[in-house]
Amino acid sequence: MSWSDIFYPGNPERRERLIRKTQELRLLMKNNFRATNQLIEALKEHLGLFFRPVILNENATVKQNCDVIIGRIREIQVEVAKIDQRMKEKLEPTLYEKLKNMYLPDYEYKQFSSIISAVCGATGLASTFLVGWLITNGYILTNVALACGLLATGFMASVVVGVLFMGIDMIVSAILGSIERDQLESALAEYDRALKEFRPASEKYQDNITYVKVRLEITRRVGNYIHSFF
């Protein structure tokens, strides 16, 4: 037992909590970067939109990495807003609602496809699905960006991400070096609040990008089948 544990008997339990939260944060951040790159790939393949992939920089801080995610999501949202506005202008209100509701009857497929082609330069049912999903689910991108922003303002913001992949001694020393031991409990409470927002937003974001990937592949195959009849 260390001297700090003698003077602060709650420290061992706090370290265990710190380990669990650190592992969770590490996994959520890695998966958010992965999901964002999967979305970027889908936008390139199906809508001809190009964004630079995001890279988790282990030499940068939590805040700096969160800023990368936030910046890329905002870039994507700008393009989605442009597409949304042009779709509103070109589609009749009832057809626009069908697009938002992901209700795309086969007999109207060619009309949707031709407008998507005019707006994005892309054709196919998969492209139509992706446009509809982006317009309808923009809040998912907003929520994960807001959650990243919240995490980037907490006490973990200045911790270098690479530290999160090291041993617990490195993690504890990196964090405890910047705060007093008697402040650790309040810092952990702040961590709880940040993760309370970051966790569900990240998981929903990751789950939805996985859904989009699977749905795009299915839709692409269905689109090819439908196209063979026209």
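This briefing walks through a helix crossing, a pair of cysteines and some salt bridges. The model is predicted, so local features need pLDDT of at least 70 and side-chain atom pairs count only at pLDDT 80 or more, while totals for chains, interfaces and linings use all residues. Residues are numbered from 1 along each chain as its sequence is written, and side-chain values use heavy atoms, leaving out hydrogens and water.

**Where two helices cross**

- Helix H4 (residues 93-100) and helix H6 (residues 125-136) have axes that come within 8 Å and cross at roughly 85 degrees.
- Helices here are DSSP runs (H or I, at least four residues), numbered from the N terminus; axes are lines fitted to C-alpha atoms over the stretch in contact, with angles from 0 to 180 degrees between N-to-C directions.
- H4 is therefore roughly perpendicular to H6, a label that covers angles of 65 to 115 degrees.
- On the H4 side, the contact (heavy atoms within 4.5 Å) is made by Tyr-96, Leu-99 and Lys-100, and on the H6 side by Thr-128, Val-131, Gly-132, Ile-135 and Thr-136.
- These contact residues divide into four nonpolar, three polar and one charged. In this grouping, Ala, Val, Leu, Ile, Met, Phe, Trp, Tyr, Cys and Pro are nonpolar, Asp, Glu, Lys and Arg are charged, and the others, Gly among them, are polar.

**Two cysteines without a bond**

- The structure holds zero disulfides, a disulfide being a pair of cysteine sulfur atoms within 2.5 Å.
- The sulfur of Cys-66 has its closest cysteine sulfur in Cys-148, at 4.6 Å, which is too far for a bond.
- Cys-66 is buried at 2% relative accessibility, and Cys-148 is buried at 2% as well. Buried means under 20% relative accessible area, exposed over 50%, and partly exposed in between (1.4 Å probe, protein chains only).

**Salt bridges**

- Side chains of opposite charge can pair when their charged atoms come close.
- The whole structure has five salt bridges, each a side-chain nitrogen of Lys or Arg within 4 Å of a carboxyl oxygen of Asp or Glu.
- Arg-199 pairs with Glu-24, their closest N and O atoms being 2.3 Å apart. Arg-199 is in helix H9 (residues 184-227) and Glu-24 in helix H2 (residues 11-47), so the pair ties together parts 175 residues apart in sequence.
- Asp-67 and Lys-63 form a salt bridge with closest N and O atoms 2.8 Å apart; both lie in helix H3 (residues 62-90), four residues apart, about one turn of the helix.
- Asp-84 bridges to Lys-88 at 4.0 Å between the closest N and O atoms. Asp-84 is buried at 17% relative accessibility, whereas Lys-88 is partly exposed at 44%.

Key
Parallel < 35°, antiparallel > 145°, perpendicular 65-115°, else oblique.
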